[in-house]
Amino acid sequence: MSYLELLRLAAPEAIVVLTAFVVLTIGLVTGRREAGDTPAATAGLGALVAALGLAIAAATIVRLPGHATLFHGMLVVSPLNSLFQVIVLVLAFFTVILARGERLLPNKGEYLAMILLATVGLMLLIGSEELLMIFIGLELTGLSLYVMTAFDKASQTSAEAGLKYFLFGSMASAFTLFGLSLIYGFTGTTSLAAIGPRLAEQALPPLLFVGIVMTLIGFLFKIAAAPFHLWAPDAYQGAPVSTAGFIASGSKVASFIVLGKILLIGFGPVSGSADWHGLIAGWTPILAVLSALSILIGNLVALVQKNVRRLLAYSAVAHGGYTLLGLIAGGRAGFSATLFYTTIYAVTLVGAFGVVGFVRRENGGDDLADFAGLRARSPLLAGCMAIFLLSLAGLPPLAGFFGKFYLFSTALRAGANHGLLWLVALALFGSLISLYYYLIVLKVIFLDENAQATPAVARYDFEMRADYLPKMTLLVLAGAVLLLGIIPGTLVARILASFG
Amino acid sequence: MVTLGDYLFVSGLLFTLGFAGVLLRRNLIIIFMSLELMLNAANLSLVAFSRFRTNSLGQPNYDGQVFVFFIITVAAAEVAVGLAIIVALYRARRTTHVEDINSLKF
């Protein structure tokens, strides 16, 4: 093992870190003002460099060798990890472009650097199969996201949202850490691949089971499963819009992949069973209960929300519940269904938050009332939002439909004689409820009149002021959601092939 | 003779105290200190495990001690970020009490 080898395999992460420093320097050198906006040229240059760095990192990942393992799994290069590192980089790329539109943020360079650092954390989370590195990735991601959430100093709610996110997040990571210490203590190793066999060969001491549950708490917090979801509505509503989008997309994808790896590789021997008639103690029944709780709480509370970002947050809780179904079903099929669903969900939510960002800039708010008559002001944004929301509701032919179909059918086939039927039925009931609140948003967008402005002038204003590039991004995202719904096979085949 | 169980008991006690502090206290700075206590409880149990899980030559399992060094560093970073957020909040609201931080709800 030479350092040259290390540098070659860790090149994508290194490139993103270097880009973060360059962007930070650009922000510092060119005009950092006490009040007001970052100069347009600086923001543009910073965003360009950030986007370029992310693209180069993605290109480097593609050129990595197929399989490699460094330091007992601290850094693992495998087709699965590479695929999802590229997906996270793409999500970060979209976030950088959408952040360009946020004119009100001061110190844009620092904001972009934080996005890049969070991305490095996500890449480490995905690319590691060792407890220490997973913890560090978790913290790097978390700390960057807390800062990004509290970044908007002009807003009353941003710092509050950041504080709540920080307090809940640190508590969850303290739980995870304590759980990890117990797991390390009873198995004597920190490598996921070695933990599995050790768990299989001994009867489970109670403290070790406590350790497993405490470890799970931290990750369930990250994916906002009920009852660990309390931070999500506040963070989604108070944070800058692009941050909320990144928390909902990139952070969630990485958390699901690392949660799946920990559960299926590390804790595989103590999975248990959540079948209706054949309950066996383990982590599966716990996840099943939390999944059911998330689906119920998320969908029911979303019904009464008046703020679109809060509505998306509660629906995110419900979607977290659906996505857990795949992990509960277990095995290669279940894991790939989970990964497919979370990827589609991430793409959809980045787009939905992009639209929210436009509306917020125009109307100064993101309550339902601010979306009234969006169709008249900008048919393009209204159309994109319709695609995103209908995909979230799971209507064919959009990507969300196929994702749900794949997920639910896998869960149904998993247990002996349809043991998971109760959970699948609950999930179907949940999606039915969700259709109602997504349609309410669409009704406001398409049918309600905007009381204030005359449409012709307002529309001209809106179209002119909105940036060209973020708009194109939204179109691309909407196109991706449509395309993945019509030909889902390409992505599914890629995920399945990457398990190798 | 102090056994592994004793260390784990103290570590569990520290963790519980920290958790209780986070749940019950109303001042942000004290909540913050309680969070650090929870991290240090994990440190203690890691070091204890490292000392008592010896290999065949009687050497401690050093993985746990390395883990602790990283946690100390991460905790320092967490303090920096946390205090910065508290300062930002104080500038906006002039308060460090959790009851006053309630503009986002339900």
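This is a short walk through a predicted model, from the meeting of two chains to a few places inside chain A. Local features are given where pLDDT is at least 70, and side-chain atom pairs count only at pLDDT 80 or more, while totals for chains, interfaces and linings use all residues. Residues are numbered from 1 along each chain as its sequence is written, chains are lettered from A in the order in which they are written, and side-chain values use heavy atoms, without hydrogens and water.

Let us start where the chains meet. Here 42 residues of chain A are in contact with 43 residues of chain B, contact being heavy atoms within 4.5 Å. About 3,700 Å² is buried between chain A and chain B, and carbon and sulfur atoms give 78% of that area. Buried area is the accessible area (1.4 Å probe) that two parts lose on being put together, summed over both.

The rule finds 1 salt bridge across this interface, that is, a side-chain nitrogen of Lys or Arg within 4 Å of a carboxyl oxygen of Asp or Glu. You can find a salt bridge between the side chains of A:Glu160 and B:Arg93, at 2.8 Å from N to O. On the chain A side, helices H6 (131-149), H7 (156-187), H9 (206-222) and H10 (231-238) each supply at least two of the residues that touch chain B. The largest share, 23 residues, comes from H7(A). Helices here are DSSP runs (H or I, at least four residues), numbered from the N terminus.

Now turn to the inside of chain A. In helix H12 (residues 250-266), 15 of the 17 residues are buried, meaning under 20% relative accessible area (1.4 Å probe, protein chains only).

A:Asn307 sits in the loop between helix H13 (283-302) and helix H14 (308-329). This residue is buried, with a relative accessible area of 6%. Its side chain reaches the backbone nitrogen of A:Arg310 at 3.2 Å. The side chain of A:Asn307 also makes a polar contact with the side chain of A:Asp367, at 3.0 Å. A polar contact is a pair of N or O atoms within 3.5 Å; within protein, one must be able to donate a hydrogen and the other to accept it, and residues adjacent in sequence count only if both atoms are side-chain atoms.

Our last stop is A:Val359, in helix H15 (residues 331-363). A:Val359 is buried, with a relative accessible area of 0%. Leaving aside neighbours within four places in sequence, its contacts include A:Gly364 and A:Phe371. The C-alpha atoms of A:Val359 and A:Phe371 are 6.9 Å apart, although 12 residues separate them along the chain.

Key
Buried < 20%, exposed > 50% of the residue type's maximum accessible area, 1.4 Å probe, protein only.
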